[in-house]
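Hello,

Here is the structure we talked about handing over. Please open it first, then read the notes below.

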Amino acid sequence: MQNAFTIEDLSYRYPSKDTDVIKGITFNVKQGEIFGFLGPSGAGKSTTQKLMIKLLNDYRGNIKYFDRDLKKINESYYEEIGVGFEMPVHFGKLTGLENMKYFSSFYKNKADIKNLMEKVGLWEFRDVLVSQYSKGMKVRLNFVRAMLNNPRVLFLDEVTNGLDPKNAMIIKKMIYEFKKDGGTVFLTTHLMNDVEQLCDQVAFCVDGKLYEIATPRDLKLKYGKKEVTVEYHENNNILTRDFELNDLGFNDDFQTLLKSNRLETIHSGETTMEDIFIKVTGEVIHE
Amino acid sequence: MNNIAKLLKGEIQRSIKYKILPISLLTSVIWVIIFLLISADEAKSIAPLFLFTDVALMSIILVGSSYYLEKQEGTINSVFMLPIKLNEILIAKFISSMFLAFESVIIIAVSLYLIHGVYFNYFLLLFYVIVSAMAHTAMGLSLALYAKDFNSLLGLLFTFMLIFTLPTIFYSLSLISENFEVFLFLSPSHCANLLMNYAISSKPIDWKVVLSVVYQLFIAFGLFKYVIYPKFKTNTVRG
C-alpha cells in the first residue's frame, strides 16, 4: 500500500522560541489506514498536524504527500484533505446550513450537505444559528465541515470530544465507512476508547519525539500483563489469585484450583490502551 | 464566481448578520440629520471630517476587530483550509473594508447634493477614498497581527489615535497652527483628512495631495508586502 504521508526527520521551531517543538520525528501514514497520533498535552501533536495541513511552514526535514513534496503543493492540496478541528470553526451568527454552503462553495468536488447533516443528526437544526448550537452539535458540524469536499485524507483532532456515546458512535461509524471507501485518516486524540475502536496504527508523541509506532494489538502484546486472574470461592469467602499466562495448561496449581473450587470469574490480564498511554508517556516524561 | 467574489460576498453577508453594516448605515444617517440642521457652507466644512471618520478611522477599527472576531470564532482556520490563495483572502478583506467606506461616501455625497446642492468631483473623491481606506485597512490589519489579544489591540489602536488621529482632528478644528502642518504629513490620518478636504472643497491638486496619495499608497503596499502577507498565516495560527 502506498504511503499517504511520508514524514522524515521532521523538526520545527516556533519563530519566537529557542528550542524545537518537534524534534526529528519520522513516520509513515499508509493510504487507507486510520493513524492515531497520541500524546499528552503540549507533546507536539497539534504542531505536527499543523505542519501536515500546511498551516505552518518553514519546517526542517521532509513531508511527502503521496510521494510529492508538501512544500511544492499549492492550495489545490485543500481540495484533497478535510480537517476537523477540535475548536468550533464556524460563524456564530450564521446558521449551520449557511456555514456549510459558504465553505462548500469553494470546492470543486462537493459532498451532499443534506446527507452529511442528516447522518450526524443536524439537518433538523440546519436553520438554527451556530451560536445557539450545543458543544456536541458544534463538534458534529466540525465533522461535516471536514467532509464537505469528499476528501482523500481526513485530519481529525479530538473528533468525539464532547459528544454523548450515541453521537460518538455515529461519528466513529462514519469514520470507519470513510476508511472502507479508501480514505486515510490522521486522528489526533487523547480518548483511548477511540484509538482502540478505530486505529490501525498508533504513534506516541512525547516532548516532540516519537516513542512508539505500532498497531494497538502489538502494543497490547508488548505492554500487556501476561497473566490470568481467577476469583474463586473458598470457605464462604471470595478469593483472588493470579497465574502466569505462559504454560498455563501445565500449571498444576491452576489446574487444581479449577478442579477443586467453584469459580466466580476468570480474566486474562489484558492491558488497555489507557494503561499503555500512561506507561509510554509516563516513562518518557520521568526519564 | 471567482474566489475573491465568493469571499467578498461572504464578508458582506456577515457584515449584515453581525450588524456592522446596519450600524455603519445608522452613523451615516446621523451625518444626514446633521446636514439637515446646518447651512451649506457649514456642511461643506464638516463633511470631510465625517468622511475621514468613516473612511480612515472606521476602516482601521473595523478591520482589526473583525480579524479578532474571526480568530475568536476559529473561522479563520476554516478559511485557511479552503483551496484559495492567501492573496485572495487578503484582497477580499481589503475590498470589504472599502465597501463600508463607499457606503458612507455615497450617502454623504448624495445627501450633500440633495440637501444643499453641493457637488464635487466624485471620481476624484472615490480615488482618494480607495487610497485612504487601503492605507488604514493595512494599518488596522498590521496592528491586529502584532496584538497579543483583543485588549492589546485596543491599546495599540488607542496609541495610534493618540499619535496620529488626535493631532489631525485638532488641526481640522484649527487648534494646531498651520506652521506645524509639515510635521503632520507623517500622519496617515492627516493625509486622509487632507484628501477628503480637497475632494469636497474641489481644490486643485497640489504637492500636498500628491504627497498624501503617494505616502498612503507606500504605507498600504509596504505593509501588505512586508508585514501582512508574510505574517498573516503564521501569526494567526500561533494564537
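In chain B, residues 24 or more positions apart account for 82% of the contacts with a separation of 6 or more (a contact means C-beta atoms, placed from the backbone, within 7 Å).

First, the ground rules. This is a predicted model: local features need pLDDT of at least 70, side-chain atom pairs count only at pLDDT 80 or more, and totals for chains, interfaces and linings use all residues. Residues are numbered from 1 along each chain as its sequence is written, while chains are lettered from A and ligands numbered from 1 in the order in which they are written.

More on chain B. It has ten helices and zero strands (DSSP runs, numbered from the N terminus: helices are H or I with at least four residues, strands E with at least two). Of its 239 residues, 40% count as buried (20 or more other C-beta atoms within 10 Å of the residue's own; C-beta atoms are placed from the backbone). The C-alpha atoms of chain B fill a box of roughly 50 × 35 × 30 Å along the principal axes.

Now chain A. An open sheet of six strands runs in the order E6-E7-E8-E3-E9-E10, with mixed pairing (strands pair if DSSP finds at least two bridges between them). Strands E6 (81-84) and E10 (209-214) of chain A stand at the edges with a single partner strand each, so one side of each has no neighbour in the sheet. E3 (residues 34-38) and E9 (residues 201-206) of chain A run parallel, joined by four bridges. Phe35(A) has Gln201(A) in E9(A) as its bridge partner.

Best wishes

Methods
A residue is buried if 20 or more other C-beta atoms lie within 10 Å of its own, exposed if 12 or fewer, and partly exposed in between; C-beta atoms are placed from the backbone. Two residues are in contact if their C-beta atoms, placed from the backbone, lie within 7 Å.
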